[in-house]
Amino acid sequence: MSQSLSALPARNPSTVETAPPLAGDPDRLLPADPGTRSIARDLLARVEDLPIISPHGHVEASMLELDTPFPDPATLLVSPDHYVTRLIHASGVPLERLRVGGGTAVEPREAWREFAKAWPLFDGTASGYWMRDSFEHVFALSAEPSAENSDALFDELDAKLKSPAFRPRQLFEDFNIEVLATTDDPLDDLAAHAAIAKDPNFTGRVVPTFRPDAYIKFAAAGWTERVQQLVDSAGDGLAGYAGYIRAMENRRQYFVEHGAVSSDHGSRTAMTLRLGETTAAELFEKARHGKASDADADIFEAHMMYQMARMAVADGLVMTLHPGVFRNHHTASFNKFGVDTGHDIPFPVSYTEALRPMLEDFGTAPGFHFIPFTIDETVFSREIAPLAGFYPSVFIGAPWWFLDAPDAMLRFRSAVTETAGFSRSSGFIDDTRAFCSIPARHNTSRRIEASFLARLVAERRVSEARAHEIIIDIVDAAPRRAFKL
């Protein structure tokens, strides 16, 4: 049975408001041991103010192109953030009350009240940490949310969001973002990216990312129509599977010409397969006529992951893979609220055998960069780190989604370093739609890296001088290296 919010321990608002803010503690997330903490402080100081490199995320380019003012606090900070809404929903609050999926059944202020009342749920969670950090360091709120101060905080935030200091471009500069990657449909005209690139008043770099999932997964809504549009617009007059492959190649090139550095693939599994052209074309036609099975869909997706690698060798785009998520686990919620509304659930994934067909042919190809991510922690040390420790093409994807949390980040670093060292990782990726959480997420990663390295220094496993070089490499050089920035 869902826990009732009324059953949560009461919090004294006056205590919350007068206590030292957790997000303001300079030693937050650093080791508890005083000696190791001192080493970590020095390491953090080397990287805390470095520019943010964000090579994988989901912020809309149009937001920065138009410098659109952010809407009300609930629409910005609560309703679109499935990290936040899923946990509140688990406590018994209907998603309608949080305006999930663009719903308007309740006013934004009412949705914010639900969030403020549920704030104690986020103690100990990564979401709670990021939001605390954002509330203090981005918005300078006077208190943490509570049922009692909900309306006052809503008004305080709303007033700030209406000011020029909180427009997207100003925050982009204030956050010290150097590179921000978006995630884009293959048929996107990338007009927003072109406009940003030509704008002399915007000095940051915003790059598109080629994300073809909806054109590869047979079960994607409108797949047949979408694929036909792709073939018609970019297939060079070819029809069927041949036109489909040509269109993919052409659209990837279009993205390259508009500054893209990577393609991203949210495949169901990590499987890769090299099918003969006749077999692939037969599967493609079965899907177009509505006769493909679930097994057919998995086989075709695996084949297309192989094809994406082949194309990457030719056009230079870095290939990132994000498998292992059961999308839209609750059908009723999907039907009512749509995708990315909090009910995507991880499942185990195997990489060693699954990636072998692709890596056999392209794993040592000059210039090919492949970054596998996972939500299955068991494969970090068992499979992904050993793969990255041999193949020049493989870089270890940073902790992602359910794992981009302080303790999980520490487990990740410990799991992969003894096999693959520090140089084979991708650098941190924030993978976020929540623009205002970007600095908090990157700062979290930097503190965790400082903590891990400080322990190695304290245990005399790495010299302090070398640790200072390593942390700069992890934070700044690694994402540039892995994503060819």
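This is a predicted model: local features need pLDDT of at least 70, side-chain atom pairs count only at pLDDT 80 or more; totals for chains, interfaces and linings use all residues.
Entry 1: I then listed its lining, which comprises 23 residues; Gly124, Thr125, Ala126, Ser127 and Tyr129 are the closest to the pocket's centre. By class, I recorded 13 nonpolar, 4 polar and 6 charged residues in this lining. I also asked which helices contribute to the lining: helix H5 (82-90), helix H7 (126-137) and helix H19 (406-420) each supply at least two residues. H7 provides the largest share, with 6 residues.

**Entry 2: nonpolar cores.** The largest nonpolar core holds 77 residues, and Tyr244, Met248, Leu355 and Met358 have the most contacts inside it. Helix H15 (residues 294-315) gives this core its largest share, 9 residues.

**Entry 3: a sheet.** I traced an open sheet of 4 strands, paired in parallel, in the order E4-E5-E6-E9. Strand E4 (209-210) and strand E9 (370-372) stand at its edges with a single partner strand each, so one side of each has no neighbour in the sheet. I then examined the pairing of strand E5 (residues 262-265) with strand E6 (residues 318-321), which is parallel and runs over 4 bridges. In that pairing I located serine 262 opposite valine 318 in E6.

Methods: Residues are numbered from 1 along each chain as its sequence is written. Side-chain values use heavy atoms; hydrogens and water are left out. Two strands pair if DSSP finds at least two bridges between them. A nonpolar core is a set of buried Ala, Val, Leu, Ile, Met, Phe, Trp, Tyr and Cys residues joined through side-chain atoms within 4.5 Å. Buried means under 20% relative accessible area, exposed over 50%, partly exposed in between (1.4 Å probe, protein chains only). On a 1 Å grid over the protein atoms alone, a cavity is a set of points where a 1.4 Å probe fits but cannot get out, and a pocket is an open set with protein on both sides within 12 Å along at least five of seven lines; lining residues have an atom within 4 Å of a point. Ala, Val, Leu, Ile, Met, Phe, Trp, Tyr, Cys and Pro count as nonpolar, Asp, Glu, Lys and Arg as charged, and the others, Gly among them, as polar.
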